Every structure is written in C-alpha cells, then in structure tokens.
Amino acid sequence: MIQILGVLLLSIGAATAADRLCIVIDGRLRQVDAGFGQVYGVNDDDDIYQWLGHGWKNIPGKLMHVTVGPAGVWGVNKMQNIYKFQDNDWVQASGRLKQIDAGGNKFLSGANGLDDIYCANRDQTISNSINVAYNNIEGRLKYYTCGPWGCWGVNAYDDIYYRYDVTSTACQGSRWQQIDGKLAVVEVGTDGSVYGVNSQGQVYKREGISAGKPIGTSWTQLNFYDTFKHVSYDRGNLWLITEKGIIYKCKVNSSSDPNCY
C-alpha cells in the first residue's frame with residue numbers, strides 16, 4: 001500500500017502571498033476524482049486506486065478515467081467501454097464514453113470520442129441493470145461534469161459552458177450558457193464548487209456559486225509554483241495532479257481561501 005510521502009512548500013494563496021504546506025502523496029496518477037467522501041484515481045498504466053485516508057489501495061481492473069459521486073463509482077477504459085463498480089467488481093454497462101462523471105444527483109454524464117455529450121437519469125444508475133439508457137445532449141464537449149446545481153463542460157477550444165435545469169429525472173437540462181474564460185478541464189464538487197485547469201496548467205476556482213446563482217461570478221487563480229493537468233475537490237480537500245503525475249492534497253478553509261497542510 002502506498003503511503004504519504006511528505007510535504008512540500010508551495011505558494012498557493014491567490015488572495016494572500018503566504019507560503020503554506022501541501023501534502024505530497026506518494027505514487028503517480030494521471031487522473032483523480034473526489035466525491036461523496038471518497039477518492040479514486042488512475043495512473044498511466046490504467047491501474048485503479050482508492051484513497052483510504054493513509055494510503056492507496058489498488059482496485060483490480062484497468063481504466064483510463066474513473067469517477068465517484070452520488071451515482072456511485074464508474075469508469076471507462078481505453079476502448080471507451082463503461083464500467084460500474086458493483087459488489088466489489090467492475091461490471092460493464094452499455095454505451096461508450098471517453099470521460100465519465102458521477103457527481104450529479106445520482107445521474108451519470110460524460111462525453112464520447114466524438115465529443116458527443118450524454119447523460120443517464122437516476123433511475124438508470126441506481127438499477128443493477130447493465131442496459132443503461134442514455135440521453136444525448138446537443139452540442140460538443142470534450143469534458144462534462146455535474147453537481148447539485150447544474151453541469152459544466154469545456155469544448156475542444158477550451159471554451160467553458162454551463163447547462164441549466166439539469167435534474168435527476170431530466171439530466172439533459174434545457175440550455176447552454178457560455179462562461180467567461182478558458183479551461184482545459186473543469187470539475188464540479190459534490191457541494192457545487194467548481195475548479196478548473198487551463199492549458200498552461202494554472203488552477204482556477206469559480207467564485208460566487210450558490211443555488212440562486214449557479215454560474216457564480218468570477219474566476220480566481222490559485223497561484224502554485226507547479227503546473228497541473230487535473231484537479232478535483234470534495235469536503236474541504238483539493239486534489240491536484242501535476243504534469244508529471246505528482247499528487248498534491250490541499251486544504252480549502254471555510255472562507256474558501258485555499259490553504260495547504
């Protein structure tokens with residue numbers, strides 16, 4: 001089992017210039033997803049890991065992208081086959097996606113190799129059936145992720161979009177709104193928090209998000225010394241993956257000022 005490696009001093013505060021400590025987790029990952037109090041990740045060999053609070057546990061199987069949230073634990077492999085972690089085993093479900101997200105209110109979402117966007121309502125994800133019925137959503141996105149107040153995505157040009165009126169029984173929503181800025185990856189936390197990484201590896205947090213204003217108000221850059229390719233947030237912890245696969249775990253305090261420990 002992989003243990004915590006140590007700490008590294010980083011400059012992370014956008015609001016302040018103070019240096020703070022971040023935990024550097026041993027091991028290497030290509031992608032990480034945190035949600036519903038759990039954390040899963042995959043490495044460059046498509047090996048799957050679950051964070052147990054003190055180290056990583058290898059989960060048998062091979063996936064290129066994994067997700068955890070209210071809809072459960074799901075993943076896709078290099079053939080874009082979709083799998084659900086059920087009864088401690090990966091069960092193949094119908095459909096094909098290159099990226100998948102379980103962060104919605106027990107519904108599933110994602111994008112395929114052509115950047116077509118799909119979602120599956122709650123009744124499909126809570127069933128043990130492997131025959132999942134998907135809804136196609138108009139538009140093209142390379143990455144699509146959902147939370148309690150809607151869904152966010154980015155297209156091939158790194159344009160950012162928000163999807164309105166998404167519910168567990170009508171996951172396709174109603175309309176798109178383009179959001180200012182450019183991101184290569186965007187992730188929504190279980191509590192609705194939105195973080196992203198741009199093509200230069202810089203990390204951003206969306207400010208002002210609430211149930212009454214789900215698109216928020218502006219982006220705040222989190223100033224690290226390092227650059228990143230993936231980010232995920234859950235229950236006060238910000239997980240970051242560098243271009244070399246190094247894993248950081250940072251604490252976000254109640255005032256939303258990012259602090260590392």
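Cys-146 and Cys-151 form a disulfide in this predicted model, with their sulfur atoms 2.0 Å apart. A search of the whole structure finds three such links, and the other two join Cys-22 to Cys-250 and Cys-119 to Cys-171.

**The Cys-146 to Cys-151 link**
- The torsion about the S-S bond is about 105 degrees, so this disulfide is right-handed.
- Cys-146 has a relative accessibility of 0% and counts as buried.
- Cys-151 is likewise buried, at 0% relative accessibility.

**The Cys-22 to Cys-250 link**
- The sulfur atoms of Cys-22 and Cys-250 are 2.4 Å apart.
- Cys-22 belongs to strand β2 (residues 19-25) and Cys-250 to strand β25, so the pair ties together parts that lie 228 residues apart in sequence.
- This disulfide is right-handed because the torsion about its S-S bond is about 115 degrees.
- Cys-22 is buried at 0% relative accessibility, and Cys-250 is buried with a relative accessible area of 0%.

- Strand β25 (residues 247-252) is largely enclosed by the rest of the structure, because five of its six residues are buried.
- β25 pairs with strand β24 (residues 237-242) in the antiparallel sense, over five bridges.
- Across this pairing, Leu-240 stands opposite Tyr-248 in β25.
- The two strands form a hairpin with four residues between them, and Gly-245 in the turn has a positive phi of about 90 degrees.

**The Cys-119 to Cys-171 link**
- Here the S to S distance is 2.1 Å, and the link is right-handed with 80 degrees about the S-S bond.
- The pair connects distant parts of the chain, 52 residues apart: Cys-119 is in strand β13, while Cys-171 is in the loop between β17 and β18.
- Both Cys-119 and Cys-171 are buried.

- Asn-121 is placed in the loop between β13 (117-120) and α1 (122-125), and at 14% relative accessibility Asn-121 counts as buried.
- A polar atom of the Asn-121 side chain lies 2.8 Å from the backbone nitrogen of Cys-171.
- Beyond four places in sequence, Asn-121 touches several residues, including Lys-106, Asn-135 and Thr-167.
- Thr-167 sits in the loop between β17 (159-163) and β18 (176-182), and counts as partly exposed at 35% relative accessibility.
- The Thr-167 side chain has a polar atom 2.9 Å from the backbone nitrogen of Ala-170.
- Leaving aside neighbours within four places in sequence, Thr-167 is in contact with Phe-107 and Asn-121.
- The C-alpha atoms of Thr-167 and Gly-104 are separated by 8.3 Å, although these residues are 63 residues apart along the chain.

Note on methods: Residues are numbered from 1 along each chain as its sequence is written. This is a predicted model: local features need pLDDT of at least 70, side-chain atom pairs count only at pLDDT 80 or more; totals for chains, interfaces and linings use all residues. Side-chain values use heavy atoms; hydrogens and water are left out. Buried means under 20% relative accessible area, exposed over 50%, partly exposed in between (1.4 Å probe, protein chains only). Two strands pair if DSSP finds at least two bridges between them. Contact means heavy atoms within 4.5 Å. A polar contact is a pair of N or O atoms within 3.5 Å; within protein, one must be able to donate a hydrogen and the other to accept it, and residues adjacent in sequence count only if both atoms are side-chain atoms. A disulfide is a pair of cysteine sulfur atoms within 2.5 Å.
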